[in-house]
Structure formats: structure tokens, C-alpha cells
Amino acid sequence: MGMAIAHAQASGMGGMRTAGDLVARVQLAKGLRIREAKQYVADRLHISVIDLVDPVIMSEVRAELGLGIMMPLGKTPKGVECKFNIERLLGFEMNCLKTFKVNAGLA
Amino acid sequence: MSKNYTRMGDGSPVELTDAELRKDLEDGANDAADRGKVPSLTEEDYKYLMELFQRKDRFVGVDVGNEVVLTYDEGTLKLKRHALLEDRLQALTIYERLFGADTIELCHVDYSYKPVKPIVGYEQGSLEMALLMTHAPLLYGAMPNLGLYTQPDGPCPNPMELLPQGKIKEARESYEAIIKDSVKDIVFASAAMHESGADGINFDTVGASGDPDFLASLLAMEQLTTKYPGMAIEMGMAGEFVLGTHGDLYYDGTRLAGLYPHGQVVLAEKAGATIFGPVVNTNTDRSIPWNLARTVVFVRACSKAAKIPVHANMGMGVGAVPVWDYPPVDVLSRASKALVELCDLDGL
Amino acid sequence: MSDIYEQAKLSVINHDKAKAMDLAKKHLDSGAEPMDIITNGFVPGISYMGEEFGRGTVFLPELMESADVMLTVVEVVNEAIAKLGGGKTAGPVGSIVAATVQGDVHDIGKGIAVAMFKANGYEVYDLGRDVPVEDLINTAEKRGAKVIATSALLTTTMVEQQKLEKTLKEANLRNKYITLVGGAPVTQRWAKRIGADIYAENAHLGVVLVAEKLKEFANKVAS
């Protein structure tokens, strides 16, 4: 597993520790290149692009907006609950919620 | 004279003088430029790479602000290989919560679209469960793996047995039948996982069986994105150029055999790819500086030609990573940093 | 003379069998040393094709067609030598048993290597894919092959190459054969570790290294 960990440390955005998962969602949904994808997320979160990879700033932002945090204790949004918040925040329909909404009687 | 500690493509340690280091960088870069008919490295690039290999740091990383998105292949398989007692859903959470993965990937142990077909219902169930408990974008991945369509593992005569016998027409006909069968399976499994909520589909090691494999993937992608506009598909390649095992296959008027990454990405875009993953093979007889300079030349040309995000493949034996199961971080981190920063990459 | 060699080279590159046959006949009719056109014309042609295949500018069917031209002209030259009453013929230069190891179904690399060896005048016994070590050894023994070549594409199957070395040693057959290993996860380091004689990065290099090793092998036997 050295490969995945080493790349994450050397070059990765940081996933849920930061805004890596959010930028990845924008790349996948909109096919944007990295600069545009980062700018899109920063604009939606009202933070600067450099803050997207800061685990201190992003932990607070994620906790406040219910986007999912690394150590989710009681009464904090988790999993699919966070995805609803992420979808609303990013402003586009996420494929991962389509089936859920149908199954849960939300669509 | 002080020497620079680095490694060969098989991971063996080696020490190079500054002159040897510079020569390896130039030779590697020029080899790629010559093969791909693309620009070689600039003096500024050589300065960057010389400094990178002269540094004594055990581990290096990109400058703050240059971080990129990581996508993975064989996501849930890699923990399994280490004999960890976990299931696939646990593996996904380990990637997400411990490894800092920007995306996660669910896959079946056979990691090929054909064997997923009869168990697709089980795979959908697992995917839907995983989507409830994870946060990062979840891809479903597998390989086209055209070898599974040839006898004795499949219905078609084996072109790799026909070709050495000089039966070129028969081999080509067999490949054409294989393409049809594999497109059906890739589309079937990918559509099912998309409808279950996958955030993306990963076509991995595309072109492993040569141009028929690449064509099957392009055609499957075209069908899927026509049926599901906006569907996200990542196309990760198997080799630096498309091997012409058929030799006479075309997509959108372009001959597939012999295409290097900067040509491959253009066709991937036309077929509907969301992310493209170029591959440059590591030569184990050469040093990592030689391999890295060579990789930068190919991948930079690909990144320049692309409109969609480019996530270069940097696993065992590709992207200047040594052919070793758990590559040493000294060369791995150098390759990771250089590729991202010199090639203007969007991800790995 | 160099013009006919150049044309011979081009006939292989352009996989023009009629032209190659015509040139071979002209050469033989001229009374020149029969083997010269093979060594100086046709062999450089197939070597060029092998190198270009490795660069992605030549494709497998074209390589196979060139190999077919090569095999045909070698046959013509050999027949002429036999009629002249012996002398050095063009082949086979050696015999090889080749396979993808047991548990592995990836046979593209092996197929390319088989074609390249055949085109260079080797007699090749291609056992296909997913082949047990015992079958490789039995075939080599039965056919009197000098080389056992194996390909493995997976880290999980490359151990079969190690098993081949071990089985040959246990049967006191190790010194009788030259072993060649190849495949994506296979390296020189691995070859050295398991005791294989040759590691080849690609099929073209495999042909070159086997030729060198066979020469070494013959010299050792002669001395």
C-alpha cells in the first residue's frame, strides 16, 4: 500500500481531510481541469483556492457545512447524509444520490 | 566527486555522477521525443530534474498549491493482496479515512468486465451499500481484458496463436468478433453500476490486448455516454503506445495502432471520456532519471493535447515508478512531484 | 552487391514475398555464397521490423508477414545449399520451447516473441498459455530443444519461472538448457535471483540475447 499512501502525501489533495473529494467530484461531473475545478469549489465554499488543501481550515468548513469529517462523533452528518449537503453546495445533481432518492421515496 | 543516489527501473539502488545523471535525463527525454515526435525537455526542465535528483531528501512533494486529485485502479483489490482481513466496504473506508484518497474505487476480484456480467446484481448491491457509508466519489472499475474472449477461456479463436502461424485474416476476423462481444459486456456492466449510483466508471488497462482493446473501449464509451449524457468515465491505458495486434482498426478516421498518449487522448475525448490516464512504461534496464525524463516528455505532450483532465498512471512499472510491488519512496515521490509539476497534470 | 542486399532488406520490410524470392534466386544464380544474402540482406530486414515494432511504427500483422517472407527465402537458400552438396545452411539456428506460465492467460508478449524467434530462423515449440512447468520440460526433452522461454504477466504467476529453475535442478537438467524469462513484472533482478540465464525486456532483445547465449553455450561445449 506504499504506493497509494506515498502518492497521497507527495501530490494528493488530501481527500476528506481537505477538499480533495469535492474537487474530484467537480472533475468527474463537469470534466474540468484542475485549476478550474479547484476554483469552482473555492467559489462555492467562499474560500480561497489555497485553503482547499489546508486540513485545519477545511476541517472547520466541512464540520460547519456537514460535508463529512474524518472523526465523525455523535449527531454529525455521515455518509449519504453528507452527500445531500455536498450536492446542494456544489450545485449539480450527483449520480450517487439518484438511486437513493428513488429508493427512499424522495424522487 | 559526490554521487547522486537513485535507482534503476527494477528498484535496485544506483549512484550516478552529475554528468551521468544529466546524460540519462537527456537520453530518456530524447528517446521519447524521437518515438512520439513531440518536443523534448527544455534547459529549465533539465535544471528542475537535476536538482530533484541531487537533493538528499528521502521524500519530496509538490509545492503547496500544486496538489492534484488522485484516482485509483484496483481500488478494493490492493488491500486484499496484502492478506488483510477486511471486506470491500471496509477497504473503501480505509482508503477514504486513512489514506486521504480523493476518490475511491470498488472492484471485483476478477477485475474484468466479462466475469462481472453474471454477478452484476451482487455488485450493484455492494455498490449501493458502499454509497450509503462513504463520502468521496465512488467509481466502479474493471478491465476490458480481451484475452478472456479467446479459447479456451472464451468463444473466439486465439489471434495470438493464429498470427504466428501466418493466419492474419483469421486472426483479424477473430479480433473483430471479440470487439463486438466485449463491447456488449463493458456496456452492460457499466450501465448497471451507473444506474446503481456509481459516480464514475473506470476502464482500466485499456489497450492491453492492443488496438482491438482500445477500439472496444472507445465504442463502449461512446454507447454509454450517448445513453447516459454526463456519465463520468475514466480511461486508463495499459501501455505507452497502442500495440497493433490487429493493425487495421480505426476510430473516427484515425488508425489506432501506434498511437502515443497525445494521440490517444484526442480519441478518448471524442468517445466521451471524462478523465484520461496515459501510461509510460518503465524500462527496468535504465535508471529512474532516464525513465522519468522520458515519461515527462510523453505525458506533457498528452496533457497539452487534452481538453479533459489527465490523470497519469503511476503504479508499479509505469510512470517512472520501479517494477517493484512496494516502490521505495525516494524515487516514487520524486516521480510523483515531477510529473505533476512539469506536465501540468490534473491528477494521478 | 550491396544493392541486392539493400533490396533484400527492403523486400522483407515491405513484406514483398515475390520480390524476395526473385532476389534470392538472382543471388544464387550469380554463384555467390548462398548465405550472404540471408546474413547481409534479409536478416537486417527482419531486425529492422523487430525494432520498429518496439517503437509502435510497425504492427503485428506486418511483422508476421515479414516473418513469413523471411521463412520462405531461408527455405529457398537452404534448398540451394543442399543441392550444391552441403555447406552451412541458414537454420534452424536453435530450438526453443516457449509458453506463458501456468495460471497466466496473457499471451500477447509470448506470441510476439514466438514470431520473432521463428522469423530469425529458430524452431519454436509454442505450448500456448497456462502451461505447467512439467509440460515445458517434457517437451524440451522430447524435442531436443536448447532454450526454454517463459512469459509471466502477473506478480502472482512469475513464481512459476522460479519453479522451472528448481524443477530443472532437481532433475539434474539445469545445465542442459538456456532459460529465458520475460513479462511485465519480470526484471533482470528477478532473473538473477531465480537463476534464469536471460532476461529480455522485449521480444527483439530476446532474439539478440538468445543468439549470444547460444554462441557462448556452443563455445563452452567445444572447449
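# Exercises on a predicted three-chain model

Asp21(A) and Arg62(A) are both buried.

## Exercise 1

Task: State which salt bridge Asp21(A) forms, and explain why the pair ties together parts of chain A that are apart in sequence.

Solution. 
Step 1. The partner of Asp21(A) in the salt bridge is Arg62(A), with 2.7 Å between the closest N and O atoms.
Step 2. Asp21(A) belongs to helix α2 (residues 20-30) of chain A, and Arg62(A) to helix α4 (residues 55-65) of chain A, so the pair ties together parts 41 residues apart in sequence.
Step 3. Buried means under 20% relative accessible area, and both Asp21(A) and Arg62(A) are buried.

## Exercise 2

Task: Find how Lys23(B) and Asp27(B) are placed in helix α1 of chain B, and decide whether Lys23(B) is buried, partly exposed or exposed.

Solution. 
Step 1. A salt bridge joins the side chains of Lys23(B) and Asp27(B), at 2.7 Å from N to O.
Step 2. Both residues lie in helix α1 (residues 18-36) of chain B; because they are 4 residues apart, about one helical turn separates them.
Step 3. Lys23(B) has a relative accessible area of 48%, so Lys23(B) is partly exposed.
Step 4. Asp27(B) has 28% relative accessibility and therefore also counts as partly exposed.

## Exercise 3

Task: Locate Asp107(C) and Arg129(C) in chain C, and say whether they are buried or exposed.

Solution. 
Step 1. Asp107(C) and Arg129(C) form a salt bridge whose closest N and O atoms are 3.4 Å apart.
Step 2. Asp107(C) sits in the loop between β1 (95-100) and α5 (108-119) of chain C, while Arg129(C) sits in the loop between β2 (123-126) and α6 (133-143) of chain C. The pair links distant parts of the chain, 22 residues apart.
Step 3. Asp107(C) and Arg129(C) are both buried.
Step 4. Elsewhere, salt bridges with shared partners join Asp31(B), Arg35(B), Glu240(B) and Arg294(B) into one network. Over all chains, the whole structure has 38 salt bridges.

## Exercise 4

Task: Classify the ring pair of Tyr113(B) and Phe203(B), then that of Trp324(B) and Tyr326(B).

Solution. 
Step 1. The count of aromatic pairs over all chains is 9. One of them is Tyr113(B) with Phe203(B), at 5.7 Å centre to centre and 75 degrees between the planes.
Step 2. Planes over 60 degrees apart count as edge-to-face, and the pair of Tyr113(B) and Phe203(B) is edge-to-face.
Step 3. Tyr113(B) lies in helix α5 (residues 113-116) of chain B and Phe203(B) in strand β5 (residues 200-206) of chain B, so the pair ties together parts 90 residues apart in sequence. Tyr113(B) and Phe203(B) are both buried.
Step 4. Trp324(B) and Tyr326(B) also form an edge-to-face pair, with 6.4 Å centre to centre and 75 degrees between the planes. Trp324(B), at 35% relative accessibility, counts as partly exposed, whereas Tyr326(B), at 54%, counts as exposed.

## Exercise 5

Task: Name the residues that form one aromatic cluster in chain B, and the charged residues that lie over the faces of Tyr46(B) and Tyr149(B).

Solution. 
Step 1. The cluster consists of Tyr72(B), Tyr95(B) and Phe99(B).
Step 2. Over the face of Tyr46(B) lies Arg22(B), 4.4 Å from the ring centre.
Step 3. Over the face of Tyr149(B) lies Lys114(B), 5.3 Å from the ring centre.

## Exercise 6

Task: Describe how chain B meets chain A, and say how far chain A is from chain C.

Solution. 
Step 1. Of the 2 pairs of chains that touch, chains A and B have the most contacts. Chain A and chain C do not touch, and their nearest C-alpha atoms are 15 Å apart.
Step 2. In the contact of chains B and A, 65 residues of chain B face 46 residues of chain A.
Step 3. About 4200 Å² is buried between chain B and chain A, and carbon and sulfur atoms give 59% of that area. In chain B, the residues that lose the most area to chain A are Glu67(B), Phe99(B) and His135(B), together 17% of what that side buries.
Step 4. Chain B and chain A share 3 salt bridges. Asp344(B) and Arg35(A) meet through their side chains in a salt bridge of 2.8 Å, N to O.
Step 5. On the side of chain B that touches chain A, α12(B) gives the most, with 6 residues.

Conventions
Residues are numbered from 1 along each chain as its sequence is written. Chains are lettered from A and ligands numbered from 1 in the order in which they are written. This is a predicted model: local features need pLDDT of at least 70, side-chain atom pairs count only at pLDDT 80 or more; totals for chains, interfaces and linings use all residues. Side-chain values use heavy atoms; hydrogens and water are left out. Contact means heavy atoms within 4.5 Å. Rings of Phe, Tyr and Trp (its six-membered ring) pair if their centres lie within 6.5 Å; planes under 30 degrees apart count as stacked, over 60 as edge-to-face and the rest as tilted. Helices (H or I, at least four residues) and strands (E, at least two) are DSSP runs, numbered from the N terminus. Buried means under 20% relative accessible area, exposed over 50%, partly exposed in between (1.4 Å probe, protein chains only). A charge sits over a ring if NZ of Lys or CZ of Arg is within 6 Å of the ring centre and within 35 degrees of the ring normal. Buried area is the accessible area (1.4 Å probe) that two parts lose on being put together, summed over both. A salt bridge is a side-chain nitrogen of Lys or Arg within 4 Å of a carboxyl oxygen of Asp or Glu.
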